Amino acid sequence: MSIYSDTIDHYGPSLQLIKAGEEMAEFAAELIHYGIDMQLGQKPKNGHDLAEEWADVEIMLKQVEIILYHLKGDKHQEKKRKLDRLHDMITQKQDAVIDIEKLGCGMVGAGDAS
Ligand SMILES: [Mg+2]
């Protein structure tokens with residue numbers, strides 16, 4: 001047993017999945033605030049809060065891995081598909097930048113990188 005499986009046993013798997021979603025939402029909010037500060041060229045003000053939510057999410061993801069173990073194969077398959085797509089996107093973008101540079105038109109804009 002681990003602290004993760006003990007916690008799942010204590011609260012129940014469904015509540016821990018809901019809690020995982022809540023923690024991810026809190027992490028997402030902190031990431032957005034941090035990223036906005038960076039984008040504006042400002043020193044991010046919420047580093048400690050972001051670290052706290054990041055830790056929460058890592059703890060919850062360990063529990064999600066246990067609760068949703070039966071989906072592990074599907075997750076690995078989707079991860080590979082998405083990483084392959086991401087690789088294609090960034091290599092195509094590099095090719096596009098090179099093509100534009102050959103035309104003397106400068107850099108192209110950023111696209112969706114998720
Ligand atoms: Mg939290």
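The model is a predicted one, in which local features need pLDDT of at least 70 and side-chain atom pairs count only at pLDDT 80 or more, while totals for chains, interfaces and linings use all residues. I number residues from 1 along each chain as its sequence is written.

**Helices α2 and α3**

I looked up which residues of α2 meet α3, and found Pro13, Gln16, Leu17, Lys19, Ala20, Glu23, Met24, Glu26, Phe27, Glu30, Leu31 and Tyr34 on the α2 side. Their partners in α3 are Asp49, Leu50, Glu53, Trp54, Asp56, Val57, Met60, Gln63, Val64 and Ile67. By class, I noted 13 nonpolar, 2 polar and 7 charged residues in this contact (Ala, Val, Leu, Ile, Met, Phe, Trp, Tyr, Cys and Pro count as nonpolar, Asp, Glu, Lys and Arg as charged, and the others, Gly among them, as polar).

For the geometry I used axes fitted to C-alpha atoms over the stretch in contact, with angles from 0 to 180 degrees between N-to-C directions. The axes of α2 (residues 13-39) and α3 (residues 47-67) come within 8 Å and cross at roughly 150°. The two helices are therefore roughly antiparallel to each other, a term that I keep for angles over 145 degrees.

**Helices α1 and α2**

The axes of α1 (residues 3-11) and α2 come within 6 Å and cross at roughly 110°, which makes α1 roughly perpendicular to α2 (65 to 115 degrees). I found that Thr7, Ile8 and Tyr11 of α1 make the contact with Pro13, Leu15 and Gln16 of α2. This contact has 4 nonpolar, 2 polar and no charged residues.

**The nonpolar core**

I then looked up the largest nonpolar core, and its 5 residues are Ala20, Phe27, Val57, Met60 and Val64. Such a core is a set of buried Ala, Val, Leu, Ile, Met, Phe, Trp, Tyr and Cys residues joined through C-beta atoms within 7 Å. The largest share of this core, 3 residues, comes from α3.

Phe27, which I located in helix α2, is buried, with 20 other C-beta atoms within 10 Å (20 or more count as buried, 12 or fewer as exposed, and anything in between as partly exposed). Leaving aside neighbours within four places in sequence, Phe27 is in contact with Glu53, Trp54, Asp56 and Val57. Phe27 and Val57 are 30 residues apart in sequence and 7.1 Å apart in space, C-alpha to C-alpha.

How values were computed
Helices (H or I, at least four residues) and strands (E, at least two) are DSSP runs, numbered from the N terminus. Angles under 35 degrees count as roughly parallel, over 145 as roughly antiparallel, 65 to 115 as roughly perpendicular and the rest as oblique. Two residues are in contact if their C-beta atoms, placed from the backbone, lie within 7 Å.
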